[in-house]
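Here is a note for a colleague who is new to reading models of this kind. Please keep the sequence and the structure open while going through the points.

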Amino acid sequence: MKHSRKKLIGVLLSVIFLTGCTSAQEKIVNAPQITQQKDWNYAFHYTSDYWKHYDFSNSFISAQNDFETLVSTYIPQIETLLGVQDWYTAIAPDADTIFVNLEMGGTPHSMAWSPAKGADGAIEFSILLSFNQINAPTDRVLPHELTHSVLGRICFSNSLEEGICDYTATRIGVNYIRFFEEYDIDILDFFTYDVKLTLEKFYDTKKQNEMLDSIGRAGGYTYSIQTQDGFIWYECSQSFVEYLVKNYGMEKTMQLIREGKDETDYQTYLGISYGELKEEWITFVKNYEPEYTMEEYRKMTEAFFAQ
């Protein structure tokens, strides 16, 4: 989160993983030209010698070099996946170095702050990683927080911003993406089914509708991120972004996230009103028929983690 939370994995990820048009008068804004990708230099600062004082043997960053390698790998992947190679131009267009300040702690959630131009001209990222979230061999938290850093500004909708960060983390997180690749699983299918089952398990129809209505709206966090509702809100936000990218493309989705100012800009960048889009997505989720059953997903995950 831009300043994140401990991820609730919905019914599929918790139960399974733990067991083993625009009108004629309107014009859609065209996508901007993509800036050539930078070959970044990286520098790092640590507030403590974490790898000396703590046991990370079960973590995806078991050594300091693992962390530095992942950062320098993830950032170009984020730029390419989201088509945001120009992200740094508004901060320090002549910068050739990303300086990463890392802090770790016992906080419930990880956090990232907006990037800034340092005194030496480098772009500075500041990240806090929660011990609770990194003590696992599968990584979603670091690419999530780095996506916040690359995006820089706060999106008009926290739901969209958190959704795109989880969209990215799912596709590049070390070991995490390997599950989807190894079993040739469609990520949209997996998370749409995840949201459908999660809502049916935890909520009655009224509460389902309240949760779905909160997704993609302008404004901050609808639910406290330390509650079950907050965790499910994150899952639904990723599902919504998955749907946008699939149906409207990454360029238009990123324009909405980076340049949109309020809910009227769904029409500006996607060519459909927010109300119409939400009705489409909610119908899609509630009527969704997955490629695999829950039992089939369970067997896949059990086989994957038994390797």
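How many salt bridges does the structure hold? The structure holds seven.

1. Confidence. This is a predicted model, and the protein has an average pLDDT of 87. Of the residues, 89% score at least 70. Helix H12 (residues 265-270) has the highest confidence, at 98, and helix H1 (residues 11-18) the lowest, with a mean of 41. The pLDDT is below 50 over residues 3-11, a stretch with 45 contacts in the model beyond near neighbours in sequence. Residues 13-34 also have a pLDDT below 50, and there the model shows 46 contacts beyond near neighbours in sequence.

2. The sheet. An open sheet is formed by four strands, in the order S1-S2-S4-S3, with mixed pairing. Strand S1 (41-46) and strand S3 (111-117) are the edge strands, each pairing on one side only. From one strand to the next, the twist averages 20°.

3. S2 and S4. Strand S2 (residues 97-105) and strand S4 (residues 123-130) run parallel and are joined by eight bridges. To find this pairing in the model, look for Asn101, which stands opposite Ser126 in S4.

4. S3 and S4. These two strands run antiparallel, with five bridges between them. Ala116 stands opposite Glu124 in S4. S3 and S4 make a hairpin with five residues between the strands, and in this hairpin Gly121 takes a positive phi near 90°.

5. Cover over the sheet. Is S4 mostly covered or mostly uncovered? S4 is mostly covered, six of its eight residues being buried. Helix H3 (residues 64-82) lies across S1, S2 and S4 and runs at about 135° to S1. Helix H5 (residues 141-151) lies across S3 and S4, at about 145° to S4.

6. In soluble globular proteins, nonpolar side chains tend to be buried together. The largest nonpolar core here has 71 residues, and Phe67, Leu129, Leu160 and Ile164 have the most contacts inside it. Helix H10 (residues 228-248) gives the most to this core, with ten residues. Another core, of 14 residues, lies apart from the largest one; Ile177, Phe190, Tyr292 and Met300 are among its residues.

7. Leu160. Which residues does Leu160 touch, leaving out those up to four places away in sequence? Leu160 touches Cys155, Phe240, Val241, Leu244, Leu256, Ile257 and Tyr266. Leu160 is also one of the residues with the most contacts inside the largest core.

8. Salt bridges within one helix. Side chains of opposite charge can pair when their charged atoms come close. Arg178 forms a salt bridge with Glu182, and their closest N and O atoms are 3.3 Å apart. The two residues are four apart in helix H7 (residues 176-182), so about one helical turn separates them. Arg178 is partly exposed, with a relative accessible area of 35%, and Glu182 counts as partly exposed at 39%. Another pair is Arg298 and Glu295, whose side chains meet in a salt bridge (3.6 Å, N to O). Arg298 and Glu295 are three residues apart in helix H14 (residues 294-305), so they too are separated by about one helical turn. Glu295 is partly exposed, with a relative accessible area of 42%.

9. A salt bridge between helices. Asp229 forms a salt bridge with Lys207, with 3.2 Å between the closest N and O atoms. Why does this pair tie together parts that are 22 residues apart in sequence? The reason is that Asp229 lies in helix H10 and Lys207 in helix H9 (residues 205-214). Lys207 counts as partly exposed, at 22% relative accessibility.

10. A network. Which residues does Arg217 join in a network of salt bridges? The network links Asp213, Arg217 and Glu263.

How values were computed: Residues numbered from 1 in each chain as written. Predicted model: local features only at pLDDT ≥ 70, side-chain atom pairs only at ≥ 80, totals over all residues. Heavy atoms only, no water. Pairing = 2+ DSSP bridges. Axes fitted to C-alpha atoms, helices over the stretch in contact; angles between N-to-C directions. Contact = heavy atoms within 4.5 Å. Core = buried A, V, L, I, M, F, W, Y, C linked by side-chain atoms within 4.5 Å. Buried < 20%, exposed > 50% of the residue type's maximum accessible area, 1.4 Å probe, protein only. Salt bridge = Lys/Arg side-chain N within 4 Å of Asp/Glu carboxyl O. pLDDT = per-residue confidence, 0-100.
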